[in-house]
Amino acid sequence: MLIEEDGPLWPQASFEYRATHDVLALSVLLACPNPVGQGDRRALRALVDNDVEWALWCESQLTCGALALSSPDLALAGAAWRWLANSRLLGGSFHVQACQETATRSGVGVSVGVTQARRLLNRFLGA
């Protein structure tokens, strides 16, 4: 819904759209499953302030946290995370440490998605 409120910034079939959608969907699912107001959108904006911190937080929620998610929701969240963390369309990599383990992820889905989600939320919040 956030992506569509003022019209999409990217074509729906684009890499940027999917990365932004997945970052926002994971953020909402893992942080505030019932977002209703401006405060929740500000909280989402704070989550996407840094791509590495968001990746650490997201991966730790999915692998170490005791999430109260249904199996289908957890499976979709895991698939979205894997796509973001392993996408190679633009090349590059980022370093993630979660649960006392370190892993290097190839791809830039996280970086693109977090950057574009931050841009979208800034636009929406008038920042």
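A residue counts as buried when its relative accessible area is under 20%, as exposed when that area is over 50%, and as partly exposed in between, using a 1.4 Å probe and protein chains only. By this scale Arg 45 is buried, because its relative accessibility is 18%. The structure is a predicted model, in which local features need pLDDT of at least 70 and side-chain atom pairs count only at pLDDT 80 or more, while totals for chains, interfaces and linings use all residues. Residues are numbered from 1 along each chain as its sequence is written, and side-chain values use heavy atoms, with hydrogens and water left out.

The protein chain has five helices and two strands. Helices are DSSP runs of H or I with at least four residues, strands are runs of E with at least two, and both are numbered from the N terminus. Read from the N terminus, the order of elements is α-α-α-α-β-β-α. Of the 127 residues in the protein chain, 39% are buried. The accessible surface of the chain is about 6800 Å², and carbon and sulfur atoms contribute 52% of that surface; these areas come from the Shrake-Rupley method with a 1.4 Å probe, and for residues only the protein chains shown count as cover. A contact means heavy atoms within 4.5 Å. Among contacts in the protein chain with a separation of 6 or more, 63% join residues 24 or more positions apart.

Helix α5 packs against α1, and the two axes are 7 Å apart at an angle of about 80°. Such axes are lines fitted to C-alpha atoms, for helices over the stretch in contact, and the angles run from 0 to 180 degrees between N-to-C directions. Angles under 35 degrees count as roughly parallel, over 145 as roughly antiparallel, 65 to 115 as roughly perpendicular, and the rest as oblique. The helices α1 and α5 are therefore roughly perpendicular to each other. On the α1 side the contact is made by Phe 15, Glu 16, Ala 19, Thr 20, Val 23 and Leu 24. On the α5 side the residues include Gly 109, Val 110, Gly 113, Ala 117 and Leu 121. By class, the contact of α1 with α5 has ten nonpolar, four polar and one charged residues. In this grouping Ala, Val, Leu, Ile, Met, Phe, Trp, Tyr, Cys and Pro are nonpolar, Asp, Glu, Lys and Arg are charged, and the others, Gly among them, are polar.

Helix α5 (residues 109–125) also meets helix α3 (residues 51–63), where the axes come within 9 Å and cross at roughly 110°. This angle makes α3 roughly perpendicular to α5. Here Asp 51, Trp 54 and Ala 55 of α3 are in contact with Val 110, Ser 111 and Val 114 of α5. The residues of this contact are four nonpolar, one polar and one charged.

The C-alpha atoms of Ser 87 and Val 110 are separated by 8.6 Å, although the two residues are 23 apart along the chain. Ser 87 counts as buried because its relative accessible area is 7%.

Leu 29 lies in α1 and, with residues up to four places away in sequence not counted, touches Leu 69, Asp 73 and Ala 77. Its C-alpha atom is 9.5 Å from that of Leu 74, 45 residues away along the chain. Leu 29 is partly exposed, at 26% relative accessibility. Gln 61, in helix α3, is in contact with Leu 30 and Leu 67 once neighbours within four places in sequence are set aside. Gln 61 is also partly exposed, at 22% relative accessibility. Ala 68, in the loop between α3 and α4 (71–86), is 9.4 Å from Leu 30, C-alpha to C-alpha, and 38 residues from Leu 30 in sequence. At 82% relative accessibility, Ala 68 is exposed.

The whole structure has two salt bridges, each defined as a side-chain nitrogen of Lys or Arg within 4 Å of a carboxyl oxygen of Asp or Glu. One joins Arg 18 to Asp 22, at 3.4 Å from N to O. Both residues lie in helix α1 (residues 15–31), four residues apart, about one turn of the helix. Arg 18 is partly exposed at 37% relative accessibility, whereas Asp 22 is buried at 9%. Another salt bridge links Asp 49 with Arg 45, whose closest N and O atoms are 3.2 Å apart. Asp 49 is partly exposed, with a relative accessible area of 47%, and Arg 45 is the buried residue with which this account began.
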